Amino acid sequence: MSGIRVTYSGLISFVLGLLTLVISLIVILVITRILTPEEFGTWRLIISLLVYVNYIQPVITYWVTRETARGIESGKTAILSSGLFSCIGICLYLVIVYFISNQSDADKDILLYAFILIPMIFLHNILVAINFGWKPHAVSYGILALEISKIPLLIITVYWLQMGILGVIFAMTIAYVPSVLVLFIFAKEKIKNNIKTLYIKKWLRLFWLPSYPSLGSIIAALDVLIFTIITGSVVGLAFYASALIISKLCSNAISITTAVYPKLLEGKQIGTIVQNNITLLSYFAIPLATISIFFAKPAVFALNPIYVDAHVAIIFMTLRTFLFTFSVPFAQFLTGIEKIDTQDNASFKDYIRSKLFLIPSIRFIQYSVYLVSLAFVLMMVYSSSTDVELITYWAIVWLVIEIPFFIYLYILIKKNFNFKLEIKHFVKYLFSSILTFGISYFLSLEFLEFNPSIFVFLPNLLVFVGLGIFGYLVLTYFIDEKTRKLFNTIFHEIKNKKD
């Protein structure tokens with residue numbers, strides 16, 4: 001894994017991430033424009049249920065990334081184990097569907113059919129974990145292949161064959177095939193060695209350590225079930241899902257930090273690279289969040305005019321996602337410098353005292369408080385509120401709970417790294433974003449017509465968004481030294497490639 005270039009890999013991942021984002025938006029438009037709110041809400045419920053199934057997979061993926069980054073050849077063993085774990089996952093999923101289907105108006109048969117996704121998801125995630133510890137940018141190629149494959153498959157199953165949500169399930173399952181092939185090609189050097197049971201024994205012996213962080217994700221995913229059980233409907237989930245799609249735009253900037261975690265696992269001194277990486281993350285995350293906030297209403301209208309009233313919730317969701325975009329790499333960096341798992345004689349108590357346990361504990365507490373608060377708020381207001389109002393309350397709770405935990409992780413980062421938030425650059429990026437996207441937004445108020453036809457409305461919307469992006473890049477180039485340096489680095493890299 002030696003030779004990873006953090007900024008170079010991060011930029012490749014980000015550029016590929018943006019390309020993937022464009023393609024994934026096409027996928028989302030196909031789904032949201034064709035499926036009914038009930039079907040779209042059911043699809044969101046399926047995604048949440050699959051989170052519970054994935055709870056068992058980090059028993060393998062957690063360790064194979066760390067081991068691959070440190071030159072330990074456990075990839076082939078991990079792939080074999082994923083097949084066995086996917087069988088367990090299918091059984092677990094069917095049990096969950098049995099208990100959940102009676103609590104909502106979702107079609108039980110559709111929920112059951114979704115089990116076919118599980119084997120492909122497990123295999124895909126294992127290959128992602130191997131590549132993440134070996135060639136981080138390769139993960140972006142795999143995801144890009146996945147999103148590209150979805151488009152023709154969805155057009156065939158959902159648009160031509162009119163299979164509805166069942167067509168979405170089949171298309172998503174088959175779409176994993178080319179992604180798996182791409183990831184396999186990149187990872188083949190790390191899956192040549194023989195299968196060794198000693199790796200499996202280690203993973204099972206320490207299963208509680210990767211399972212504990214996953215428990216936080218499981219708890220967080222309960223918010224969808226809480227909403228469904230309290231309201232008894234999946235229509236509200238459709239509004240929630242559409243708002244979430246727009247608000248998560250800035251989370252694509254996380255790919256900038258992709259190579260830092262495996263670099264830290266190598267145990268090499270990286271100086272101020274964490275600080276520089278966070279500043280670079282800010283450069284991309286701030287404008288993406290600004291786009292979601294300013295263009296919340298036209299963006300969700302583009303998904304489907306039915307969900308346009310969800311634009312208020314998008315603002316609160318975006319602010320939460322923005323904080324989360326920083327707290328995710330903060331958590332990764334802290335676990336990346338932990339070396340307790342390299343000690344063969346490390347005891348249970350040693351692991352409990354390590355950052356591998358501390359960081360998940362922080363998330364566990366956060367999500368527990370979040371769920372209790374959400375359940376309390378929903379029970380107080382659901383009888384007198386519309387679906388749109390409910391998801392707005394949901395978004396506010398989500399944001400309020402995120403703030404203190406983001407601050408705590410920031411404090412931990414400052415204690416463990418040579419890190420200082422570069423306020424001057426942060427303010428420049430924020431000022432430039434508000435100015436350029438603000439101007440393009442006010443121009444859109446004058447000239448953008450909310451035409452129900454996606455082929456008319458979307459190109460016009462992209463003109464105004466593109467105008468803001470262009471203005472942001474130009475303005476930051478002239479007022480920010482780091483931006484000029486970044487542009488020059490990219491230019492020289494392209495020039496060297498041509499030479």
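Modeller: Buried here means under 20% relative accessible area. Please bear in mind that this is a predicted model.

Colleague: Are Tyr62 and Trp63 buried or exposed?

Modeller: Tyr62 and Trp63 are both buried.

Colleague: And how many aromatic pairs are there?

Modeller: The count comes to 24 aromatic pairs. One of them joins Tyr62 and Trp63: their ring centres are 4.9 Å apart and their planes stand at 90°, so this pair is edge-to-face. The threshold for that class is over 60 degrees between the planes.

Colleague: What about the rings of Tyr441 and Phe442?

Modeller: With planes at 65° and centres 5.5 Å apart, Tyr441 and Phe442 also form an edge-to-face pair. Tyr441 is partly exposed, because its relative accessibility is 22%. Phe442 has a relative accessible area of 53% and therefore counts as exposed.

Colleague: Which residues form an aromatic cluster?

Modeller: One cluster consists of Tyr283, Phe284, Tyr429, Phe437 and Tyr472.

Colleague: Where does the charged end of Arg320 sit?

Modeller: It lies over the ring of Phe324, at 4.3 Å from the ring centre.

Colleague: Changing topic, where is Ala138 placed?

Modeller: Ala138 belongs to helix α7, which covers residues 136-160. Its relative accessibility is 0%, so Ala138 is buried.

Colleague: Which residues does Ala138 touch, leaving out those up to four places away in sequence?

Modeller: Its contacts are Asn131, Leu183 and Phe186.

Colleague: How far apart are Ala138 and Leu25?

Modeller: Their C-alpha atoms are 21 Å apart in space, and 113 residues separate Ala138 from Leu25 in sequence.

Technical notes: Residues numbered from 1 in each chain as written. Predicted model: local features only at pLDDT ≥ 70, side-chain atom pairs only at ≥ 80, totals over all residues. Heavy atoms only, no water. Helix = DSSP H or I, 4+ residues; strand = E, 2+ residues; numbered from the N terminus. Buried < 20%, exposed > 50% of the residue type's maximum accessible area, 1.4 Å probe, protein only. Contact = heavy atoms within 4.5 Å. Phe/Tyr/Trp six-rings, centres within 6.5 Å; stacked < 30°, edge-to-face > 60°. Lys NZ or Arg CZ within 6 Å of the ring centre and 35° of its normal.
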